[in-house]
Structure formats: structure tokens, C-alpha cells
Amino acid sequence: MGYPHKPHPKETVVLSQYFGDADARTVKGWTKRGGYEALAQALKMEPVTVTEVMKESGLRGRGGAGFPTGLKWSFMPKEKKKPHYLCVNADESEPGTFKDREIMRWTPHALLEGTAIAAHAIQAEVAYVYIRGEFTEPWTIMEKALAEANAAGVFGKIKIVLHRGAGAYICGEETALMNSIEGKRGNPRIKPPFPAAAGLFGMPTTINNVETLAAVPQILKRGAAWYKGLCLSNPKSTGTKLFSVCGHVQRPGNYEVTMGFPLKDLLYDMCGGVPAGRTLKACIPGGSSVPILNREETERTLLDYEGCVAAGSMLGSGGVIVFDDSADMVYQIMRLARFYAHESCAQCTQCREGTAWTTKILERILAGQGKTQDLDLLLDLSENMTGKTICVLSDSCAAPVVSGIKKFKNEFEDYIAGKRKPVMVA
Amino acid sequence: MTVTEEYRPVFAGKVLEELQVILGRYPTKQAALLPALWVVQRERGWISDRNMAEVGEVLGVTPAYVKGVVTFYTMYHQHPVGRNFVQVCTTSPCNICGAEGVVKAFLEQTGAKDAGATSPDGKWTIIEVECLGACGFATPVLINDDFVENVTPDKVADLVKKYR
Amino acid sequence: MADSLITLMIDGVPVSVAPGTLVIEAAKQAGVLVPHYCYHPGLPVAGVCRMCLVEIEKAPKLQIACATAVTEGMVVKTQSAPAKDARKSVLEFLLINHPLDCPICDQAGECELQDFVFQEGRSGTRYGEYAKRFNPVEDFGPDVLYVPNRCILCTRCVRFMDDVAQEPVLNVSERGDRAFIGIHPEARLDHPWAGNVVDLCPVGSLLSKDFLHKARAWELDKTASICTGCSQGCSVTLDTRDEVVVRVRPRPNLDVNRYFICDHGRANYRWMNRGDRIEAPLVKRDGELHATDWDEAFARVVGILRGASGKAVALVSPGASVEALALAKRLLSTFEWTGAFQVVMGEEAPLAGVPNLALRAERAPNAKGAEQLGYTRDYDAAVKAAESAAVVLVLDDPDCPVQTAGALIYAGTVLPPETACRAAQVVLPIANVAEEDGTFVNRDGRAQRYFQAKPAPGMARPAAWVLGELAAALGVAEVA
């Protein structure tokens, strides 16, 4: 659903309060709405105090990993001996996810303010906002907002630089993002060293997601206890999350709910469920890199980090992809494998060759030339691609394949047995 | 008969001034590489081997290094493309909402034979791309720098007309 | 000191190493070779091939041995099932696009992919129905061919050019399984040390044009030697096939050349196989040189030396061994002696990433050794002095323009041209560097041994033997 639209009564509107409100994009409009007060307050606080507030709030990284934000900030050296950097990960490319785009389009100042507060907390003088190249509209809006905010002098000594990506999903991986800013191929780095020790340009660095940082000004203003109190299930998952719902739903779009919210209510109440006359078949709750849930699992999932794991998947980026009974699971899993094969950086053998091989096997199955051994082969390859590489793109390709074969085996077997007409040419 | 034209540098005059500003944002010259390549593509429409050598010279890296970077990122064009460069997302979330039909519609309406090939009148290049980050607004299409949401096959004819 | 070492277990073997040592290096001490491709002790760590995955107790995932530093009490298992399965899978992934080129590939027999697949790979392919990725062969420059189909993207070549040669002329192009090693069209791989990428390449992807299809690895005999191309004195291996030198490769020497040699030294071997050699001792009879045996040649030389007195001049090659040069001097110890050599000079070409390593301007291996033995560089003066000397000994310097009133003895590998030392009374055939054991002293004063790789032709013998026999016959062999 495009903006503006009225929030659903079951939403908890924090980040999305001004989505659709064009006036909020200006400095004047933002300050009128209470913006940049938190930043002014933060700049008067000790960096370590700001970090404590984040720790207390329970804010966790919203890019996909869910790492506690305050803890991540505390990894930075307390004593400043070298330049510190903050990188903002606006490379949003995880299939199914489109929340950071909305934050940048509608509340650029929320992001800029959160960035500056974070930079202050980790004692960084420069923050680079890495915006994927395809986000032409968010880029223009962010550019304008940054210029205005700089003119208004709200950032103090902190310098925020926008850096444009050029088409690489892998640059959303934190070490690949740093390499990309440095003017290199977007190859993830082996760890150690960890970014907080040696990151961007070899200096101590923290990387945070857009949605994570957009929450920071609110937490500082309204207090850690307030944010911590926004919790419906597990106390380790606090605050709100923007869920990007897409695919076979009547009302796709971003929905902001409190952590622990039932996925069932999100899909059926807020999004209107699947199109009329169809039934929900599968759902990926956290962007394509997490395991696929079947209908039964979907309907009992609570949307927080622990709840999704309990259901057999992960919260990830919160990109909710819905498949109804008209979806060809085999084809869609092939299309996801093809995505990963296209995006592999080529460093690690398993990923470089495995993602392409996985795609080829699935294409053959869809072309009516699959063999019964192919499913075991796919599972074996997926196991070999998991937990053995520099980054987890390889594991991410395996996730839909393994969960897909496990839960929708009949669809694969139908193609292999010739019960289903081929939809591709070998 | 080939005529070798004198190479016209990209980074001269105002464009060189722009590069100086960009360089001021990073502690190393090499970090200005991605922004510099965007400038080249904006000025020339694509990035040739000779352009890569020029960028390398200006930033103090080898042409081979620049080429390694250019070939990594899919948005940099290494050959000229049609006047309208159309990127249609066909990754799974958009795929299940009919993205492939949108691609087909674009190919039909523009006369471009295959995805990737430029149309005979040189005005269109249509390609399938991976997730554009607008899955809830299926199918998103990037036409040059314009990000168009909610494209369905029936809307393609009007879009093509608008940009032709 | 023993207490600053770290002790760990590798495959049940305890080893103690310095802190910061990588597990893959520590394993060598335990006698364990962890299979690997992208790792090389002479290059920065990449950690990309994933071949060296090992199991480390208490670590949740397998770790790459090339990027993991040892910790006290670490228990490493390289042969556990998970580790072997992981490595087996890496090999399988490498082989899906790797062509079955072994029958026509130069690397066969010295190929690390063959070696590890044979050791722990799958016995059959599961990739039967699909086409392999294909790219045509590329010519990268003066001596290097790139066969993209065989490339396993270990990036050793890129890292060598980037960090060791410090001329980043190779890159990784494209992404995913479309990736290959690229070079900018306006660039060539003509760095003076670029040939090392061929040695570094674990498979037959980067090939030497010079060695292309010349010999099979298992047909080669390998002998340790020292490069004669310049005064750096790099350790090399001479590869011979049927007693012909067909290739020169670097031999690891951490003190001199680490793992590399320059292209000049690499190409510097054809002269070792020259056919136009002196194959028998020659003595002058009736104004002409006649072939004879060693006894007569020795007798003639001894006669000359016993019957002469006064000045003797030795004009020597700076490529002669220390032994030969010392004995040459000993031989003339009863005379008023002058010894000199001249060195061909060329342009220096350092290998930027290694301290004190370069193709040196002095294009000879033993100038320093000659100097240490008392030979000077006053070559022209010595040639002048030779005109009035009683005895002139020329050692392997065929173009020496000497003319003398005295007796000229020439010891060399090839016959001097008519205009030069054909005026010799005696010509003694000697072995070249590939045909004898000997010692060179490099520019830093390091004495290094080289060994015989092939037999000398005909009756040619090592110069040290020839001169030693003569010295013994003359009674000057013992040091006073």
C-alpha cells in the first residue's frame, strides 16, 4: 500500500508515524514534530551514557542479525586513539524487504538524527550512509534532507556522507559494505579482525541498519524503559518492527507492530489475507534468507527473534513473503537460488559454485528432467554450503532449498515424476 | 577503416571540480572510485576501458583494478545501452505477483527482442534485475533514474509511450 | 624461550610454536599437511578457497587453518569426518566447472587439484548433465597464458601482483560463477617478476608459454641450483628431461629470494643446453689445435707453467665457481699474479614486496666470490698486462680480447671465436653450472651451493677438477 494511508488499529506507530507526511521531510517540519531534540540532548551526554540507554532499551539490529545494538556500540574503543567510523547500512536488498526505503523516503531526518546520535555514542567523526544504487528516490530525498540539516547546523562536529552503491546485494554484509566504501569489490572480509577493532579504512567501525538507527532518537527521547515496555512475548525482543508484507496478500505494505505480535494477525487482519478464493500455502517471515514456513507454522508464529526461531525460521529483516496455493514453490525456490547465484561475490568455493549448481538442478527439475536423486543431492549440497564460508550468503541460498524440500516435497516430486508439466526449457 | 579519435577526458573543468569535492569526503583517493564511476556513467552513458584507465590515473589505481571493480557492480554499464534503460525486478516476491509478465509486456511494446538486447530503434534496453527493495509495490521498474511502482502488464503501454 | 611458546595438539601430536602462528603452519611441525589452495606463506592471507577447513574442539563451526592463530591448549583435528567431508565438498565444487584437461594440461603430475582430489576427493562426479562454464584461453603477456576454464579463483596470482610485485595488473572480474582473472586490455603482464604467477597457480590455469607442452612433470628430474642470471643468487630448481634443462623454477629460500625468481633468471637456461661445446682437451701442434686426452693436455700445461716465470694474468668469468677461481689462483701462485673479470651490467628490477630482493644490475652469480678471492674489476688493465705476461689463463671468457706474447691457456665451455683466444696453446673443456657441483657467493657475501643436474658433454669436466689436477701435478695444491 502506498502512502499516505491510515495505520491499522493494531499497529504500534513509532517509526512510521510520519510515513506519507511530506512536510516531515523538511528540517522545519521535522523539528516541528519534535525532531532533533534527542540529538541535542545526546550531544550533551557522555557517549558511554548514550550507549547505556540503548543497552537498557533492548534495541536489536533490524537488518537481519538481531545483534543487541547497545552491546555492539560498546565494542568500540572507549579511549579514542584513532578515527572512529559509523556506517549506515541502507543497502536494503533482501528479497521481501522494503522498510528502510520507506524510512528514507518519508522520515529522512529520523535516520539522520539517529545516525548522528550513534556517531556521538561511538565517538565517530564521520558517518557514511551506504544507499543502494537502485534507490534513486530515497537518495534524492536524503541528499536534500542532509543539505538542509547541515545548513541548520544540527550535527555539531559530526560529518554525514552519503555513498551510493552500484548494484550488489552482498554489499549489505557489513564487511563487504566497508570494502565497497573503500572503493573495492564488495567482498566480505574474514573475521577476525572485527569491525570494532579494524573496520573501515582499518579503523574502529560500527555498522548499523537504517531501521535500527531510526529508532534511536525515539528511545533517547521517550526513555529506554518505554521501549523495553513495548514487548508482547519474549523480554529479549523489545520495541517495534516494521514488517514488509508482500506477495499474495490483499494489502501489501509496511506494518509496524510490537515485537511478539502474532504473524497470523498481521497477515489476516492487517493485510486482508490472501486473495479471495485462495488459501495460504507458505510464508517466509524474515526475508528470503530464512527457512520457509508452511501454513500451520505460519499461523502459530510470534513475530520476535525467539518466536520465529521456535517456529523453525528466523525474524531476519522482517520481510514477510506470502505464497498462496497458486504459487509454484519449486519455481520460486529456483528463482531465489538464481538470485543468490547472481549475487555471490565469488570468493568462497562453496558459494560460487554451489549457488549456481543448485539453480541448475532446480531448473532441470522444472524442465521435466529431474531425477529422484536430485532432492538428496540438493540437500547434500545445501549442507556443504552451510557454515563453511566467509559470509552467510551461501547459507542463505541453502535455507529456502532445505525448508522447501522438507515441507513441499510433493511439489518437487510431481515435477520429477512427470505429474506436473514442465515450465522451463532445459 | 578505423579512425582513432582523440580521447576526451571526463574529469576536466566542472567535472574535475566535482571530483575534488568528492575526494574531500574520504580519507583515501581509492574510496572515491564508486562515486567517480557514477560520474563517468552520468557524463558518457557508459564506462569504456579507456574511461577506466582515466579514472585509474586520476585516483592512483591501475586500470586493471578499476576494471575489477566495474565488473563487480551490475549497475555500471560496460557498453552503450538504449536511451531508456529499463530494469524490471523478477525476484520471487515480485515474481509471484506477475513480474515476468511485465518483462514480456515491455519487450513487446518496445520491440526489443530479448532481455538485455537493445531495441532496433536504439531507444530501449530491457533487463531483468534482482530485488529492487519495493516488494510491496509489485512490480517495481526502474526506467533510467525513475523508480516506478506497481507496474502491471496493462500499464506498460502507457509507460513506454511516456518515455518514448 | 620455552615459556613464550604456545602448545597445542594437532591430530594427536603436540606442537609448540610462537604466538601468532597460523594453525596451517603449526600443522607442518606436526608433520601434517592441511590441504589448501589460496594460502601461500609468501602472500597475504585470503581465506577464500575454504579448502583448509579443520575441526577445532570447542569451536562451533569448522575453521580455516590458514586464518586461525594458535591458542594454548587448542585441539585441532584435520582428519575428523566433518573436516574431511567439508574438504571433499570443496573439491567437488571445484571440479564441477573444471575441465577434464589432465591429458593435455601442463600441470598434470604437479597439480595440487589432482593431488588433493586423489587424496580425499569423490571418486565420481554428480554434475554429469550440465555444461561446464567456458571461456577462451587468453594471452596475458610475454610469457603467461591464462586458461580460465581451469581457474579455481584462488587469487594467488592477483595477490602476488598486488602485494609482492606491487603492480596490480591482474584483477578478479565479474561475480559469482562468472568470475575469472582479468587484465585490463591496455596492460600486459610484463612485470620483471610476473612469471612467478605460473608457479603460484596451483592448477594449470596460468601457464608459461616457454614451457608449454614441453615435458610432463613426472619426466623431470629436479636438481637444486643457484641462478646465474645476476648477483642476487636466488635458489632455483633446474628441471631436466633426458639430460636437457627444460625449466627453471624458484626454490624456497627465506633468506634470499623467499619463494620467487625473476623472469630474466627464469628464461636464463637455454645456454646450459648448448650443443656447440668443447668436448675434448685441445693442444696446439704445428700451429693448429688438435683433440687429445687429459693426460697430454695436463702434461702440456704443466710444461708451460714449469717453463715460465714472471707475470701471469688470469682473466676469468664472474660465473665461474668459487672452487674453480680459487684453484685457478693457486695454480698460478708461483707467478707475479694479476686476476680480473668483467661483468655484464643491466637494469636493476626489484621485487617491491620482498626486502633486499631484485634482479641485480650485475648479471653474474659470483662477482663477489671472485672479489673475495682477490680478482679485481680492472679488466682492461689486466688485458693490457696480459700482452707482456708469461702465462695467461682465460677461464670461460670466450670473447676475451687478449693477445699475448706468452702462453695462453684457455679453459671454457665453448670455443672462443677465431679473433679471440684461438691463439691458445691448450684448450681445456669444462662443465657449465648445470653440469657440476660448486659454490657461488652472492652480492651479500652469502656462499651457496649448486649441484649437478646433467652430465657434461664429451670429456668436459668441472673446472675445479681440471685446475685441481693441474695444481696437484704442479705441486702447488697444498696451502703453504
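In chain C, 50% of the 480 residues count as buried, a label given when 20 or more other C-beta atoms, placed from the backbone, lie within 10 Å of a residue's own. With 12 or fewer such atoms a residue is exposed, and in between it is partly exposed. This is a predicted model, where local features need pLDDT of at least 70 and side-chain atom pairs count only at pLDDT 80 or more, while totals for chains, interfaces and linings use all residues. Residues are numbered from 1 along each chain as its sequence is written, and chains are lettered from A in the order in which they are written.

Staying with chain C, its C-alpha trace spans about 85 × 55 × 40 Å along the principal axes. The chain holds eleven helices and 24 strands, taken as DSSP runs numbered from the N terminus (H or I over at least four residues for helices, E over at least two for strands). As for contacts, meaning pairs whose C-beta atoms, placed from the backbone, lie within 7 Å, 63% of those in chain C between residues at least 6 apart in sequence join residues at least 24 apart.

One residue gives a closer look. C:Val383 sits in helix α10 of chain C, which covers residues 379-387. With 19 other C-beta atoms within 10 Å, C:Val383 comes out as partly exposed. Setting aside neighbours within four places in sequence, C:Val383 touches C:Leu315, C:Pro401 and C:Val402. C:Thr404 is 21 residues away from C:Val383 in sequence, and their C-alpha atoms are 8.9 Å apart in space.

Now for chain A, which splits into domain 1 (22-229), domain 2 (240-324) and domain 3 (329-416), with bounds that come from an automatic or database domain assignment. The centres of domain 1 and domain 2 of chain A, taken over C-alpha atoms, are 26 Å apart.

Key:
Two residues are in contact if their C-beta atoms, placed from the backbone, lie within 7 Å.
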